[in-house]
Amino acid sequence: MKRADVLRDITPVIRDHLVVCNIGHPSQELHQIDDQPTNFYMLGTMGLCSSIGLGLALVQPKTVIAIDGDGSVLTNLGTLPTIANNVADNYILLIIDNGAYGSTGDQPTYAGKKTSLAGMARAAGCENVIECRAEETRGALEAAIAARKMAVIVCKCASGSDKVPVIAKDPVTIRDRFMAAVAG
Amino acid sequence: MSLSKRIVDDLVANDISFVTTVPCKQLGGVIEEVEARAEILHVPSNKEDEGMGLCAGAYLGGKRSAIIMQNTALGITVNALATLIQFYRMPLPMLISYRGELREPVACQVEMALHTKAILSQLHIPTYHFHKASDAEELDAILKYTFMCNKPVAILTDASFWGGY
């Protein structure tokens, strides 16, 4: 399974929750597969998906799922200790780890080589870290949402992206729609 | 009343309830005060652009946020400012320690001080420079201005403002 297959599989699970989605192909694929007002699409800013998700989870009670990538987390590794030390039990960080920088042409990441993001999250102090295969992601997500306990899920999947258009929505439109969904 | 307490009083009076900080000697008193206030959730960050991500998330959650940082790291926040805070039109007060100005003992700090206002100007970020203790009287108006226009706004506080390094 590639990232888009994982997204198609988890759509029914994440649809009713607040989702912050990583820049590039992940947001474009999610937008194409199941656009929802509860989705915040990042149009830029590599690396900050998990940080935006944590900030959102810390200030309001609804479940927040940050859909990040291995390359993006490697860009902002300081996020793992911040997440570990500021526990929000309504926060799930889902790292779709395909071992590649998908939006720039599938160049390999170190997470696809020797580096374990699950191991790094545990070493950072995250207490509930699950590494799973792509086809187990949906079940892991359902369990994490039901548990109401902060979780980091590392989903190991194949590289490659769907051919989908860029998101043409205005950033302020995305923001306003999302903030209304948060408050609603 | 101490300058630090006065500054944090203004943050609280303007409904800022989420503050992220990256340590700085000059801003140590403000950071302590932020940590002590029950009205503020203080989340220290490891890097300034990470902190801007946290602030963006808190804003999306309906809370007013602020970042406290040093000017030496301004360069690494350019992308976060342009493509997140400005692109999505989010308000963000940035209380910045302006190292490398008069009374600075560390020569290397001067190097980023020389670029600080130029970077802020290039990004079209409204910038206020606190040099004398009385300049802090404008903070309340600056915060109101920030949340009126939904922009990042920089408040540079130099060593003279803090009474020497």
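The following questions and answers cover a predicted model, its two chains and their contact.

The model is predicted, with local features needing pLDDT of at least 70 and side-chain atom pairs counting only at pLDDT 80 or more, while totals for chains, interfaces and linings use all residues. Residues are numbered from 1 along each chain as its sequence is written, and chains are lettered from A and ligands numbered from 1 in the order in which they are written.

Me: In what order do the elements of chain B run from the N terminus on?
Reply: Helices (H or I, at least four residues) and strands (E, at least two) are DSSP runs, numbered from the N terminus. By that assignment chain B holds six helices and six strands. Their order is α-β-α-β-α-β-α-β-α-β-α-β.

Me: What radius of gyration does chain B have?
Reply: The radius is taken over C-alpha atoms, and the globule rule is 2.2 Å times the number of residues to the power 0.38. For 165 residues a compact globule would come near 15 Å. Chain B agrees with this, at 14 Å.

Me: Which residues of H1(B) are buried?
Reply: A residue is buried if 20 or more other C-beta atoms lie within 10 Å of its own, exposed if 12 or fewer, and partly exposed in between, with C-beta atoms placed from the backbone. Helix H1 of chain B spans residues 3–13. The buried ones there are Ile7(B), Val8(B), Asp10(B) and Leu11(B).

Me: Why do the buried residues of H1(B) line one face of the helix?
Reply: The arc is that of the directions from the helix axis to the C-beta atoms. Seen down the axis of H1(B), the buried residues line one face because they fall within an arc of 150°.

Me: Which elements do the buried residues of H1(B) pack against?
Reply: Two residues are in contact if their C-beta atoms, placed from the backbone, lie within 7 Å. The partners belong to chain B: strand S1 (16–21), helix H2 (28–36), strand S3 (64–70) and helix H6 (139–149).

Me: At what angle do the axes of H1(B) and H6(B) cross?
Reply: Axes are lines fitted to C-alpha atoms, for helices over the stretch in contact, and angles run from 0 to 180 degrees between N-to-C directions. Ile7(B), Asp10(B) and Ala13(B) in H1(B) meet Leu139(B), Asp140(B) and Leu143(B) in H6(B). The two axes come within 9 Å and cross at roughly 35°.

Me: Is Arg103(B) buried or exposed?
Reply: Arg103(B) sits in the loop between strand S4 (92–97) and helix H5 (107–122) of chain B. Phi of Arg103(B) is positive, near 80°. With 11 other C-beta atoms within 10 Å, Arg103(B) is exposed.

Me: Is Thr45(A) buried or exposed?
Reply: Thr45(A) belongs to the loop between strand S2 (39–41) and H3 of chain A. Phi of Thr45(A) is near 65°, although most residues other than glycine have a negative phi. Having 27 C-beta neighbours inside 10 Å, Thr45(A) counts as buried.

Me: Which element gives the largest share of the side of chain A that touches chain B?
Reply: In the contact between the chains, 27 residues of chain A meet 25 residues of chain B. Helix H3 (49–59), helix H5 (79–85) and helix H8 (171–183) of chain A are the elements giving two or more residues to the side that touches chain B. The largest share, eight residues, comes from H3(A).
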